[in-house]
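Open the model in your viewer and keep the sequence beside it. This tour tells you what to select next and what is there.

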Amino acid sequence: MPTLSKRWHLAPPLTPAADAALNRFFPITRQILFNRGFSTPAEADRFLRAAAPEVTDSFLLTDMEPAVARILHALEHNQPIAVYGDYDADGVTATALMVQTLTALGANVRAYI
């Protein structure tokens with residue numbers, strides 16, 4: 001029988017201090033929080049609240065202006081637009097939303113998953 005050359009790399013065990021600090025969570029939740037670098041109740045609460053980032057201007061994203069200009073050009077000239085998405089829950093959802101939005105704007109649009 002061949003021997004395996006792979007080894008598992010497990011996360012470090014929960015420290016007693018973090019275990020005590022996060023005691024209001026279930027044991028597995030405490031370990032997951034600790035593995036992600038959260039060892040105080042305040043850090044855990046901030047992570048679990050998952051507040052949306054305060055991005056107020058989409059044009060702060062890299063290359064947003066040329067992307068918008070290219071989409072507007074395609075709309076004005078009835079050029080085809082392909083929306084590429086991956087095959088997971090957020091990829092399919094984002095692709096569907098983009099296709100619906102561009103279709104509502106009169107685009108010649110196709111989805112590719």
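How many aromatic pairs does the structure hold? There are two. Rings of Phe, Tyr and Trp (its six-membered ring) pair if their centres lie within 6.5 Å; planes under 30 degrees apart count as stacked, over 60 as edge-to-face and the rest as tilted.

This is a predicted model: local features need pLDDT of at least 70, side-chain atom pairs count only at pLDDT 80 or more, and totals for chains, interfaces and linings use all residues. Residues are numbered from 1 along each chain as its sequence is written, and side-chain values use heavy atoms, with hydrogens and water left out.

**Stop 1: the whole chain**

Show the chain as a cartoon. Five helices and two strands make up its secondary structure. Helices (H or I, at least four residues) and strands (E, at least two) are DSSP runs, numbered from the N terminus. Starting at the N terminus, the order is α-α-α-α-β-α-β. Along the principal axes, the C-alpha atoms fill a box of roughly 65 × 50 × 25 Å. The radius of gyration is 23 Å, whereas a compact globule of 113 residues would have one near 13 Å. That radius is taken over C-alpha atoms, and the globule rule is 2.2 Å times the number of residues to the power 0.38. Of the 113 residues, 16% count as buried. Buried means under 20% relative accessible area, exposed over 50%, partly exposed in between (1.4 Å probe, protein chains only).

**Stop 2: two tyrosines**

Select Tyr84 and Tyr112. They form a tilted aromatic pair, 5.1 Å centre to centre with 55° between the planes. Tyr84 lies in strand S1 (residues 80-84) and Tyr112 in strand S2 (residues 108-112), so the pair ties together parts that are 28 residues apart in sequence. Both Tyr84 and Tyr112 are exposed.

**Stop 3: Thr95**

Move to helix H5 (residues 89-104), where Thr95 has its place. Is Thr95 buried or exposed? Thr95 counts as buried, at 4% relative accessibility. Leaving out residues up to four places away in sequence, Thr95 touches Val83, Tyr84, Gly85, Ala111 and Ile113. Contact means heavy atoms within 4.5 Å.

**Stop 4: two salt bridges**

The structure holds two salt bridges. Each is a side-chain nitrogen of Lys or Arg within 4 Å of a carboxyl oxygen of Asp or Glu.

Select Arg30 and Asp19. Their closest N and O atoms are 2.7 Å apart. This pair links distant parts of the chain, with Arg30 in helix H2 and Asp19 in helix H1, eleven residues apart. Arg30 is buried, at 13% relative accessible area. Asp19 is partly exposed, at 32%.

Now select Asp45 and Arg24. Here the closest N and O atoms are 2.2 Å apart. Asp45 lies in helix H3 (residues 41-49) and Arg24 in the loop between H1 and H2, so the pair ties together parts that are 21 residues apart in sequence. Asp45 is partly exposed, at 29% relative accessibility, and Arg24 is exposed, at 53%.

**Stop 5: Leu14**

Go to the segment before helix H1 (16-21), where Leu14 is found. Which residues does Leu14 touch, not counting residues up to four places away in sequence? They are Asp19, Arg30, Gln31 and Phe34.
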